[in-house]
Amino acid sequence: KTPNIWIPTKNELKARIEREPDNARIVIIPFQARPYQAIIFERKNFDWNAIDGKLEKYIKTRTNTNICDSWVEGEKFIDLTRNNYIYLMTDGDDSDAARKARFIDVLRQFCARNYPNTHGFYVRLTEKALVEDNVRDIIDGCRNLDIVSPDDKTDFGSFDSRILNINTHEL
């Protein structure tokens, strides 16, 4: 059984957004079986209640996890004129074997682009969120990617733009 991490995850998301400068562009992409509509705003216009309401709506329905398409959706918001961080926050792994294989190619392509101003984090919210060896090998070999373990309390820093993907499956 997945531990109840929904409230702590939302609290961490809120706290990270609150630490950003007013001119930061924030992009949140909730996902389950598919990426949902991105929530985009400037930090100075941050309205946690509006965001929380949208996230709560998604959590009511439990579906499979689609990490690959969420990552692809996040890449669409990379702005080469700004610093970007992509946080893929998940409590599990992709539930479709074909997407798992495609995710490997997607990560390889991301690394090959060698964005000078973009970094991605695969954030494991629980120990259940395993990273397969072939995915780990790609992430370990890419200067723009890191894995964050459930017990890692590292602050990832402050940048001009954030892309946050949050898996709402089983949270």
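How many residues of β4 are buried? The answer is 7 of the 7, so β4 is largely enclosed by the rest of the structure. Keep in mind that this is a predicted model.

Let's take the two faces of that strand. In a regular strand the side chains alternate between the two faces of the sheet. In β4, T118, G120, Y122 and R124 sit on one side, and H119, F121 and V123 on the other. Both faces are covered.

Next, the strands that pair with β4. β3 runs parallel to β4, and 7 bridges join them. Y87 has F121 as its bridge partner in β4. β5 also pairs with β4 in the parallel sense, over 4 bridges. There, F121 stands opposite D146.

Now the connections. β3, α4 and β4 form a right-handed β-α-β unit. β4, α5 and β5 form a right-handed β-α-β unit too.

Zoom in on G120. This glycine is in β4, residues 118-124. What is its relative accessible area? For G120 the value is 0%, so the residue counts as buried. Skip the neighbours within four places in sequence, and G120 contacts W71, I86, F110, N144, L145 and D146.

Some of those names come back in the packing. The largest nonpolar core has 22 residues. W71, F103, L107, F110, Y122 and L145 touch the most other members. At least two residues each come from α3, β3, α4, α5 and β5. Which element gives the most? That is α4, with 6 residues.

Last topic, the cysteines. The structure holds 1 disulfide. C111 is joined to C142, with an S to S distance of 2.2 Å. C111 lies in helix α4, and C142 in the loop between α5 and β5, so the pair ties together parts 31 residues apart in sequence. What is the handedness of the disulfide? The torsion about the S-S bond is about -115°, so the disulfide is left-handed. C111 and C142 are both buried. C68 is buried as well, at a relative accessible area of 0%.

That's the tour. Over to you for discussion.

How values were computed. Residues numbered from 1 in each chain as written. Predicted model: local features only at pLDDT ≥ 70, side-chain atom pairs only at ≥ 80, totals over all residues. Heavy atoms only, no water. Disulfide = S-S within 2.5 Å. Buried < 20%, exposed > 50% of the residue type's maximum accessible area, 1.4 Å probe, protein only. Contact = heavy atoms within 4.5 Å. Core = buried A, V, L, I, M, F, W, Y, C linked by side-chain atoms within 4.5 Å. Pairing = 2+ DSSP bridges. Right-handed = clockwise from strand over helix to strand, strands pointing away.
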